[in-house]
Amino acid sequence: MRRFSTRALLHSKAKPPLLSARSPLPLFLSAPRSAPTSKPNRLRSSPLSQTSKRYCSYRRMCHARRDEVSGSTNVQGREVLPTNVKPLHYDLTLEPNFEKFTYNGTVTIDLNVNEDTDFISLNSNEIDIHSATVLSKGAVVESKPEISMNKDAQTATIKFSQALSAGSDAQLKLTFTGILNDNMAGFYRSSYKENGETKYIASTQMEPTDARRAFPCFDEPALKAKFTVTLIADKSMTCLSNMDVATETDVDGGKKAVKFNTSPVMSTYLIAFIVGHLNYVETNQFRVPVRVYATPDQDIEHGRFSLELAAKTLAFYEKAFDNDFPLPKMDMVAVPDFSAGAMENWGLITYRIVDVLLDEKTAGASRKERIAETVQHELAHQWFGNLVTMDFWDGLWLNEGFATWMSWYSCNVFYPEWKVWQTYVIDNLQGALSLDSLRSSHPIEVPVKRADEINQIFDAISYSKGSSVLRMISKYLGEDVFLQGVRDYIRKHAYGNTETGDLWNALAKASGKPVQSVMDIWTKNVGFPVISVTENPESSSISLKQNRFLRTGDVRPEEDKVLYPCMLGLRSKDSIDENTMLTEREGEFKVPDLDFFKLNADHSAIYRTSYSPERLRKLGQAARDGLLTVEDRAGMIADSGALAASGFQKTSGLLSLLQGLDTETEFVVWTEMLSRIATLRSAWLFEDDKTKDALKAFQRSLVANKAHELGWEFSENDDHILQQFKALMFGSAGMADDPTVIKAAQDMFARFAAGDLTAIHPNIRGSVFTIVLKHGGVKEYEVIYDRFRHASTSDEKTTALRCLGATEDPALIKRTLGLAMGDEVKNQDIYMPLGGLRNSVAGIEARWAWLQENWDGVYQRLPPSLGMLGTVVQLTTAAFGTEAQLNEVKAFFDSKDTKGYDRAVEQSLDAIRAKVNWVQRDNKDVESWLSKNQYLQSKL
Ligand code: BES
Ligand code: ZN
């Protein structure tokens with residue numbers, strides 16, 4: 001599982017889908033990590049009744065300050081609904097209108113009245129509420145109550161003259177109209193083309209806070225209720241929701257009413273409904289039916305891989321969690337417009353097309369891996385997230401960190417030959433350390449108050465640092481004990497809500513170890529340490545000292561107060577010490593033999609290690625001597641790269657280490673080596689050509705032999721990793737202007753352009769497009785643009801779209817930017833043409849100029865609530881590397897209201913600052929190393 005697009009963008013709200021290193025981008029194109037980074041039994045009845053269910057802590061505070069004007073209360077700084085009533089059951093009916101792109105709805109909510117009250121506040125956003133009726137014991141209390149809306153708090157307050165009394169049950173019935181919007185949020189429309197005609201389906205995306213955009217509701221994760229959904233639609237259309245169909249009846253106007261069975265108690269953010277013309281494939285390999293649905297423009301057979309994997313994974317998870325999937329079916333739908341990669345709605349998972357449909361003939365190995373990750377991630381949520389849900393959004397990491405860990409765990413079981421835990425070290429772990437090395441990072445458990453803040457924490461901290469913390473504790477306790485704790489946790493909290501401490505308690509019980517005191521430090525504090533090692537030969541020991549690590553290399557004393565519990569993982573020739581921890585600032589530890597040792601074996605713990613240059617040389621030798629695992633080698637290179645970038649080590653030391661590893665044989669290690677060179681080259685992008693060319697020559701000398709040796713022919717016998725290895729080396733050599741690779745790319749492209757679509761293997765399609773565009777012009781551009789428009793699968797189209805930015809011709813750069821704002825590119829894909837422009841000075845500068853000129857249009861098309869604006873901001877700014885650029889970006893956003901994307905701006909600025917400092921500090925050091933090693937003179 002190579003990663004991040006986020007994840008390239010390493011994970012800013014995925015969206016771009018938390019693209020992972022398994023992103024379809026050829027690796028050399030992925031953003032260097034110095035950029036901020038960018039889931040048929042009858043339904044069982046719930047074991048816990050609504051009223052006995054544990055109530056979340058912030059709601060337990062009954063003396064919350066009520067603010068009837070806003071309809072929300074402010075508790076512990078969170079904007080939440082008043083606690084006077086509690087929803088038990090929603091009876092929801094919706095009828096989409098595909099001509100007017102609106103829908104009519106009625107909802108009847110059964111409520112429990114907690115205190116005498118004459119009002120009800122619930123969430124509602126951009127919904128026109130026509131009528132409200134309040135009933136108590138079946139009798140109308142008020143048929144025309146006063147309805148007031150608060151746009152800012154996204155609430156509706158219904159006020160009536162007769163008070164409801166505490167302990168009674170009540171009903172609130174609302175009729176309303178909503179918009180089938182095109183913002184991929186709430187109940188929205190999504191389009192596809194059939195015989196040249198645009199057709200629509202209606203689909204939903206509720207997480208985090210857009211259920212309130214679909215229907216008025218109590219839109220907080222702890223306010224679980226049962227749902228009975230009815231959809232009214234044309235008889236030819238398929239209607240789906242979380243549950244299976246209870247009844248289908250004819251209604252007026254030649255339509256049908258599809259009523260679904262009542263769900264178990266669930267959070268509003270997991271509700272889903274879909275209406276449209278859909279095909280499906282089905283399997284009965286699991287206890288309940290599993291289906292994959294897609295619109296008619298897609299080849300539904302491409303759903304088979306995900307279908308079969310989902311059936312196997314569901315059976316696996318039932319065993320792993322010792323808990324049966326409680327719903328009567330599992331549907332997975334490919335939605336043509338989708339802001340994230342996938343969404344775990346209970347029993348009705350939605351996906352972006354490329355993350356669920358696989359055409360084995362035209363897709364590369366990394367695409368298959370990304371789909372496997374995504375399917376397994378969303379399925380893990382069916383237990384972790386859906387059955388057991390975080391109390392509030394500051395516990396998001398519990399959902400996302402766990403689903404990430406679990407998808408890796410199950411992927412490793414289903415595809416051991418993919419060796420995904422090796423990839424974890426260069427993917428999630430580096431994604432986490434990268435974002436968390438910025439001053440503008442945040443603790444895993446971060447207070448979030450408002451809807452616009454929640455979207456921003458779907459990032460590398462929640463996903464990757466969250467899963468790294470779980471990986472660390474699972475290794476510390478042992479995977480079996482860890483999973484036993486998880487099983488206990490799920491049993492205890494099924495159908496309920498939890499806080500982080502509940503997980504630690506379950507793990508503590510299962511292991512008998514004091515989990516909470518160790519783990520709290522990791523989830524409640526921002527950052528992580530670098531451990532500096534000094535050797536004491538006379539006592540055969542090492543002295544260790546931990547300090548906060550910042551990429552900008554400018555830690556202030558007040559930022560360096562936290563002492564993290566660091567598992568040493570001391571590797572020596574024949575053992576690993578798994579038990580010793582550094583919990584203080586400094587410590588001295590015995591080492592069996594100073595001849596060979598390495599800290600953080602397999603990089604299971606969350607810190608970087610700074611060795612002396614001499615020790616680093618010895619470790620390089622140890623790597624060549626086979627004393628280090630793949631994880632050790634990759635992690636050591638990553639540490640060295642990050643320490644050079646932040647001033648803890650000299651960049652020349654990194655270059656020497658890399659140069660000494662040219663005999664390396666493993667794909668994962670090479671990926672990290674090349675990623676570190678890409679990071680260095682991107683930081684030096686605005687320096688003089690001589691140095692840049694020398695860096696390119698260094699990369700070329702490092703990769704050319706290996707690329708030629710592996711070749712770029714793919715055979716049936718190439719295993720999954722070898723395929724990606726060949727693709728990596730081919731792409732890297734091409735990006736370093738290796739003439740043999742350029743010529744090969746041009747030859748393949750010529751045959752491809754002449755109509756032989758098999759001339760370029762899917763594993764290197766993006767690399768070939770990029771290489772020929774860089775060295776070509778409008779002719780090549782037209783062929784690739786045509787592939788974007790006419791290729792048969794979404795995967796091929798988007799590969800072409802991502803590559804169009806590789807051109808360095810100003811007129812073609814302009815065309816690519818024009819595409820980003822035009823109608824041809826869906827909003828979900830805007831980041832693709834923009835991302836492609838990151839490799840040249842001309843592309844980066846034109847992209848920034850474009851953003852400034854088109855800011856109002858971009859803002860309108862991607863309002864912050866959509867969660868994609870932050871991604872665009874990072875894409876268009878974080879590639880900069882000079883002080884003047886830093887000031888320019890800062891000045892631009894200083895004059896803007898950055899609400900909803902302020903983290904993105906801050907993280908971009910921090911990333912640029914780090915590069916400015918790095919180049920200033922080590923420019924001379926790099927130049928002299930390049931000169932000494934004869935790269936400065938080398939001809940290009
Ligand atoms: N719950 C998220 C989807 C989501 C993300 C909703 C952001 C709202 C805002 C889902 O489980 C998820 O994490 N999807 C990932 C896939 C994954 C394999 C990491 C994605 O969208 O990329
Ligand atoms: Zn998730």
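## The zinc site

The donor residues of the zinc ion (ligand 2) follow the spacing H-x3-H-x18-E along the sequence. This description rests on a predicted model. The protein donors are His377 and His381, each through NE2, and Glu400 through OE. These donors lie 1.8 to 2.1 Å from the zinc ion.

Both histidines belong to helix α4, which covers residues 365–381. His377 and His381 are 4 residues apart there, about one turn of the helix. Are these two histidines buried or exposed? His377 is buried because its relative accessible area, 7%, is under the 20% cut-off. His381 is buried as well, with a relative accessible area of 0%.

## Domains and the annotated span

The domain assignment gives domain 1 as 8–32 + 365–524, domain 2 as 50–276 and domain 3 as 709–932. The C-alpha centres of domain 1 and domain 3 lie 27 Å apart.

An unreviewed UniProt entry lists residues 305–522 under the name "domain: Peptidase M1 membrane alanine aminopeptidase". In the model, this span is 57% helix and 8% strand.

Strand β13 (residues 186–194) and strand β14 (residues 197–205) run antiparallel and are joined by 9 bridges. Within this pairing, Tyr192 stands opposite Lys199 in β14. In a regular strand, side chains alternate between the two faces of the sheet.

How many residues lie between β13 and β14 in the hairpin? There are 2 residues between them. Asn195, in the turn, has a positive phi of about 50 degrees.

## Salt bridges

A search of the whole structure finds 51 salt bridges. One of them joins the side chains of Asp182 and Arg189, at 3.6 Å from N to O. Asp182 is partly exposed, with a relative accessibility of 45%.

Another salt bridge is formed by the side chains of Lys235 and Asp250, at 3.5 Å from N to O. Lys235 sits in the loop between β15 (226–234) and β16 (238–241), while Asp250 sits in strand β17 (residues 245–251), so the pair ties together parts that are 15 residues apart in sequence. Lys235 is partly exposed, with a relative accessible area of 43%. Asp250 counts as exposed because its relative accessibility, 60%, is over the 50% cut-off.

Asp922 is buried, with a relative accessible area of 0%, whereas Lys650 is partly exposed, at 44%.

Salt bridges also link several residues into a network. The residues in this network are Arg439, Asp554, Arg556, Glu558 and Glu559.

Methods. Residues numbered from 1 in each chain as written. Chains lettered and ligands numbered in written order. Predicted model: local features only at pLDDT ≥ 70, side-chain atom pairs only at ≥ 80, totals over all residues. Heavy atoms only, no water. Donors = N, O, S within 2.8 Å, 3.2 Å for Na, K, Ca; no water. Buried < 20%, exposed > 50% of the residue type's maximum accessible area, 1.4 Å probe, protein only. UniProt positions renumbered as here; feature names shortened; annotations may be inferred. Salt bridge = Lys/Arg side-chain N within 4 Å of Asp/Glu carboxyl O. Domains from an automatic or database assignment. Pairing = 2+ DSSP bridges.
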